[in-house]
Amino acid sequence: MTGRATFRHLFAAATFIALGVYWTQAGYFGHEILAEIAVFAILAMSLDLIAGYAGLVSLGHAALFGTGAYLFAFFSVVLGWPVGLSMVAATAATGMIALVVGSVVTRVHGIFFIMITLAIGEMGHEFFFKNRTLGGDDGFAGIERLDLTWIGLDLNTPATFSMTLIVVALVIYLALNRLIASPFGAVLHGLHDNTTRMRALGLPVRRYQTSAFALSGTIAAFAGTLTAQHTMFISPKLLHWTLSGEVLVMVILGGLGTLAGPVVGAATLVFLRHELSDMTQYWGFWLGLFLVLIVMGGRNGIIGWAEWAWRKLPGGNRGAPADENTQGEEKGAADAAR
């Protein structure tokens, strides 16, 4: 394991530990914030898989997130299926949808990929907005949480629910790190750096991109089933492109192509949004200014700034990332921002 990878693992570990410490001191509202952070961390990591590693920046990712939530509600409330089975079915069904969508959208690249994912996302939003069976623009209520009392976990308790989601986010972080370290992850790195060269080497580029898109959509759908259980109410806003943009901001804010970055970005953005809204009615202005300063710094978000600060410490160069690699990530972040 490289020094840079170790540094990022430690940074992610520190973030999860900080969330755990906050959990011990949090009240009802604090647990709601932690649950929101955990859901967005999972969603942001799923987007980082395609945007940060495969170079596919999507503005329709929220559509898969919302579809997972709606299918979960449909299976569990309308059809009356058990909650656990509904989670599996909704995640798998959305994963299949992502596979089909991915086989189409990966035919184009760059700005065209962004626009086609945006268009497909808005198609999904329009469908659920007009579908009265699932509540239409009024949303859909009456969603229940998974029953884990048989192992002593009452998910209707805010503290238990928030800690469960944090643990789930940690498990997904570790699983995605294993995936990135595998040969499949190496191919994704290659696709991000030079798709033409990977195609010249004989690799089925579109097949890998479609697979990454489908896996990313499956994880996003799983996050959707969790947010439906968190709020016990869903609406078409879950599929809107503005949510896709917000999640992309989390990824870029934390550090594109790092996996730890999306977790840090989700925690930072959610905390800042809640804290600043209590301090001033112009919280959106100050939050936007903060994001501009971080992104314009050109060091791949908070993770990039932390690595830069680490290199400045005495002995920090022992585990510091190579400059050329960092510059490559910064270029990737700039490409995504554009």
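Is Trp308 buried, partly exposed or exposed? Trp308 is partly exposed, with a relative accessible area of 29%. The scale is this: buried is under 20% relative accessible area, exposed is over 50%, and partly exposed is in between (1.4 Å probe, protein chains only).

1. Basis of the model. This is a predicted model, in which local features need pLDDT of at least 70, side-chain atom pairs count only at pLDDT 80 or more, and totals for chains, interfaces and linings use all residues. Residues are numbered from 1 along each chain as its sequence is written, and side-chain values use heavy atoms, with hydrogens and water left out.

2. Overall fold. The protein has 14 helices and 2 strands. These are DSSP runs numbered from the N terminus: helices are H or I with at least four residues, strands are E with at least two. The radius of gyration is 20 Å, close to the 20 Å of the globule rule for 338 residues, so the protein is as compact as a globular protein of that length. That radius is taken over C-alpha atoms, and the rule is 2.2 Å times the number of residues to the power 0.38. The C-alpha trace spans about 55 × 50 × 45 Å along its principal axes. Of the 338 residues, 52% count as buried.

3. Aromatic pairs. The count comes to 12 aromatic pairs. Rings of Phe, Tyr and Trp (its six-membered ring) pair if their centres lie within 6.5 Å; planes under 30 degrees apart count as stacked, over 60 as edge-to-face, and the rest as tilted. Phe16 sits in helix α1 (residues 3–25) and Tyr173 in helix α6 (residues 158–181), so the pair ties together parts that are 157 residues apart in sequence. Phe16 is buried at 10% relative accessibility. Tyr173 is buried too, at 3%.

4. The tryptophan pair. Trp305 and Trp308 form an edge-to-face pair, at 5.6 Å centre to centre and 80 degrees between the planes. The two residues are 3 apart in helix α13 (residues 301–312), which means a separation of about one helical turn. Trp305 is partly exposed, with a relative accessible area of 30%. Trp308, as said, is partly exposed at 29%.

5. Other ring contacts. Phe7, Phe11 and Trp310 form one aromatic cluster. Arg145 lies over the face of Phe161, at 3.9 Å from the ring centre. The criterion for a charge over a ring is NZ of Lys or CZ of Arg within 6 Å of the ring centre and within 35 degrees of the ring normal.

6. Salt bridges around Arg273. The count comes to 6 salt bridges. Each is a side-chain nitrogen of Lys or Arg within 4 Å of a carboxyl oxygen of Asp or Glu. Glu36 and Arg273 meet in one of them, at 2.6 Å, N to O. This pair links distant parts of the chain: Glu36 is in helix α2 (residues 28–53) and Arg273 in helix α11 (residues 260–279), 237 residues apart. Glu36 is buried at 18% relative accessibility, and Arg273 is buried at 17%. Glu246 and Arg273 also meet in a salt bridge, at 2.2 Å, N to O. Here Glu246 lies in helix α10 (residues 241–254), 27 residues from Arg273 in helix α11. Glu246 is partly exposed at 22%. Shared partners join Glu36, Glu246 and Arg273 into one network.

7. An exposed salt bridge. Arg132 pairs with Asp138, the closest N and O atoms being 3.1 Å apart. Arg132 is exposed at 52% relative accessibility. Asp138 is exposed at 53%.

8. Nonpolar surface. Val77, Val78, Leu79, Trp81 and Leu85 form a nonpolar patch on the surface, with about 400 Å² of accessible area together. Patches take residues with over 30% relative accessible area and no salt bridge; like charges are joined within 9 Å, nonpolar side chains (Val, Leu, Ile, Met, Phe, Trp, Tyr) within 5 Å. Areas come from the Shrake-Rupley method with a 1.4 Å probe; for residues, only the protein chains shown count as cover. Leu79 belongs to the loop between α3 (61–78) and α4 (83–105). Leu79 is partly exposed at 40%.

9. Val100. This residue lies in helix α4. Val100 is exposed at 53% relative accessibility.
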